[in-house]
Amino acid sequence: SDNSDKSSAESDSEIEVEPVPVYHKLLATLKTSPESESEDEEEESESEEAGESEAELGSEGSQEPEEAAGVEADKDEIPAQEEAEDTAEEALGQEQDDGADASCDLSHGAIEEFTDVKHESEFSLETNFMEEESGGCDVDKKENNTSRAFSQDPFKQHMDKELEEKEVEKMSTLSKTSSQIKWPRLGQLTFSSTLEKNTTLKPDKEFNVKQLHLHKPLESTWPKVNKQFLSPTTKPSDPSFTPLQRELLSIMNAYKDLFYPERNALTNGEEIRHAYCLHALNHVLKANAQVLSNNAKKRDQKPGTDSDDYRDQGLTRPKVLMIVPFRECALRIVHILISLLEVNDKRKIDVSNKKRFKGEFGSDPEERPPNLKRPEDYEAVFAGNIDDHFRIGVAILQKSMRLYAPFYSSDIIIASPLGMRTVIGAEGEKKRDFDFLSSIEMLIIDQADIYLMQNWEHVLHLMKHINLLPLESHGVDFSRVRMLSLNNWSKYYRQTLLFSALQDPQINSIFNKHCFNYTGQVAVRNVPLIGSISRVVVQLPHVFRRIEAENLTSVIDTRFQFFIDKVLPEYRDAIMSHTLIYVPSYFDYVRLRNYFKKEDLNFAHICEYTKKGGICRARRFFLEGEKQFLLLTERFHFYKRYTIKGIRNLIFYELPTYSHFYSEICNMMKATDSGVDATWTCTVLYSKYDAQKLAAVVGIDRTAQMLQSKKNVHLFVTGEND
C-alpha cells in the first residue's frame, strides 16, 4: 500500500491542479479546525469523516469483498491514456489529485466503503450560485429571454403542477382507466391513468432535439454521443435519434411511467441506455440550475422578505435512482454521462475520484478464459465486471462530476438491488438508512429480468422504502422544499422507467402496484407471433400437459402432485433413462430433490450453489447412464450455460422464464453421440396462469387454442420449420 500511495502521488504531482475559487477557499477556512496544521492531520480528519458518513449510510464496510478487490486494483493502476478509446474513458483515466486514497486507512487494517468528503463544498447546492456556472452573466436578463420556452418545458410543467387533495384521493382509491394505441416502432401500447381520461397518446412525427428542451450542453453533445447507433437511412430532418429512441424519449419527456419489455442486450440495449441517460441527466441539470438560480435571487433579495417562489427542492438531494445488475453497467452509464457533459476534447469536465472508480468498476480482459464459448446473448449480458453488490453516488455541478459522493450530497445514485438492500437494511437492524430515497423523482430499473435470476425480494424491498418521509431532517431548508414533498406526495410525481427483456407477472406487478405517477403509465404489450419452439433444430415430439389449478396460490402444490402422480411414473422404467428435468424455481428444485431422495431414485442434481467438482461428477454420471435422472435449475443454466450431453428425455417442470432457453435445452440433444432420434421425448407442464410464458414458446395463436382446450397438446418439430 505504501508503494501504491507513493506512485499515485508522483503521477498526481505531474498534473496542474486548477485554482480553487476564492469563495471556496473561504468556506474551507471556516470548516477547517485551527488545530489541524499539518497535512497528515488533515488526512486523518478526512478519513474519520468518511467513516462517519459510512456509518450513516449503514453500509457493511470491510465485510464487502468487492471493496477489498477495488482497493487491490488501485495498486496496479496504470495510466489510462495509453488504453483509452474515447473521450469518456480518457476523462476517467487521467491522473489527477482527487483524494482517491484519502479514506483508506490501511495502517489500521480496515478497508471501509469509500465516500468522497473532500469536495463537499465544491458540489454543494446550498453554497453555489448561477453566476459561477454561467460565467457571471446577468441571470435575470437571461431568464427573461427564455421564460416563455421554460414555461413550455416538460420538466417545469411536471414538477410545478400542484395536485389537489381530491385528485390524490382519486389516485389512491379509484382504479385506472386504460386505452390502447399502436405506434410505428414500439407497437401496441397500453396507456393507463386515473386523472387523465380519454386522452390519446400519439407519436410525434416531427420529433427533434428542440422538443426535448435539453439543458446545455446536451443539445450539442447528444448527436455526437449517439452517432454510433444511427444508420445512413436516418431521415435528414431527424438525424439525432433512432426510431426506437425517438418514441421512447417522447414518452419519457412527457414524464409518464414506461414499461418496455423488449430490451435485448445484443440489439437495442445500448441505445436504450443512452436514451434514459440523456433524459436523467437533462432532469438533473435542470433541477440543479433552478436551485442555483434561486440561490442568487434569494441572496440579492431584501432582508426580512420571505417568499414561496423558491420552493425548488425535495427533502433530500438525490433525484435519480438507477438500478442496474452489474458494475459494468454502472461503468457504462458513467461513461455516457461524461460524454454528454463534454462539449469537445478541449473542454473536458473534472471528474473526482475517477482513478478509483475505474479500478473498482472496470475489468481485466485477461481474467476471462480464452477458450470459453458461450452464446452471444450470454457474452453480451455478462461482459466486463459482473459483481452484483455495489452502490455509488454521483453529484453533477458546474461542469464537474463527483464520483463516490455521499448519498445525501448526490444527484444520481447508481446501485444494484443487493447494494441497496444492504444499505436499507431490515426492520430491527441498528445500521439502516433509507431517508435518501425520500425525494427520488426518477426511478430507472434496467434489465429487470436479471433480478429474477438474482433475488427479486431485493427489488420488492426497495420499492417499499422509496418516497417515504425521512426520519431526520438532514439539514434541509424547509423554506426551499416543494409542497409535494411536505405533503408526502412525492410518489405521485415520481417517474418510473422499467426496462426488461421479457414480460413476467412479477415485473408487471411492480409496474402496476408501485407506480403512481399522476401523468399515467405507458406499457408496451406486444404479443409474440412466433415462439421459440421454431428455433428447435432437432426432430422432437413436444407434449404439453395441462395442469388444472383452482387459483394461483395452489398452482405450486398442484404441479408437484401432478408430476409425481402422472408424469414421473412414466419415466421410472430403465428404458426412459437419460432424463433431464428442468426446474425454473429453486424451491421446486429442493422439493423434488428431497422427494427423489426419499423414494431412493437414481438421480443427480445441479443447482447454482453446486461446487465445480459436483457439477463435473453429475454431468459425467448422467452422460454415462449411471444416473437415470438429472435435476437442473434455471438459474444454473442462466449463469453457466453448460451443454448437458446425453439427454434423451426432457421434462420442463415449468415453462422457462426466458423463452429462448426452451430451444437451447432442446437443442442440447444434438450433442448426444448415441441414441435414435425417434426415442427422444419432451414433456412440458403448464397451467392457464402461464399464458405469457406459453405464448413466448409456442406463439400467441397456439396459446389461445391450448388455453381453450383442456386436452394435452402434441407438437412435432421437424427441425426445418415450426
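Two residues are in contact when they have heavy atoms within 4.5 Å of each other. With that in hand, welcome to this protein, a predicted model in which local features need pLDDT of at least 70, side-chain atom pairs count only at pLDDT 80 or more, and totals for chains, interfaces and linings use all residues. Residues are numbered from 1 along each chain as its sequence is written, and side-chain values use heavy atoms, with hydrogens and water left out.

**The whole protein**

- The secondary structure comes to 27 helices and 18 strands; these are DSSP runs numbered from the N terminus, with helices (H or I) of at least four residues and strands (E) of at least two.
- Of the 722 residues, 52% are buried, where buried means under 20% relative accessible area, exposed over 50%, and partly exposed in between (1.4 Å probe, protein chains only).
- Looking at contacts between residues at least 6 apart in sequence, 79% join residues at least 24 apart.
- The protein exposes about 34300 Å², and carbon and sulfur atoms supply 49% of that area; the areas come from the Shrake-Rupley method with a 1.4 Å probe, and for residues only the protein chains shown count as cover.

**Helices α11 and α12**

- Two packed helices are described by the angle between their axes and the distance between the axes.
- Here, α11 (residues 243-253) and α12 (residues 269-300) pack at an angle of about 30°, with axes 10 Å apart; the axes are lines fitted to C-alpha atoms over the stretch in contact, and angles run from 0 to 180 degrees between N-to-C directions.
- The two helices α11 and α12 are therefore roughly parallel, a label for angles under 35 degrees, while over 145 is roughly antiparallel, 65 to 115 roughly perpendicular and the rest oblique.
- From α11, the residues L244, Q245, L248, L249, M252 and N253 meet E271, I272, H274, A275, Y276, L278 and H279 of α12.
- This contact of α11 with α12 divides into 8 nonpolar, 4 polar and 1 charged residues; Ala, Val, Leu, Ile, Met, Phe, Trp, Tyr, Cys and Pro count as nonpolar, Asp, Glu, Lys and Arg as charged, and the others, Gly among them, as polar.

- I444 sits in strand β9 (residues 442-445) and counts as buried at 1% relative accessibility.
- Leaving out residues up to four places away in sequence, I444 touches Y276, A280, V320, L321, M322, I323, L497 and F499.
- Although I444 and Y276 are 168 residues apart in sequence, their C-alpha atoms are 8.0 Å apart in space.
- Q447 lies in the loop between β9 and α17 (448-453), and Q447 is buried too, with a relative accessible area of 6%.
- Beyond its neighbours within four places in sequence, Q447 is in contact with R263, R273, P325, C329 and F499.
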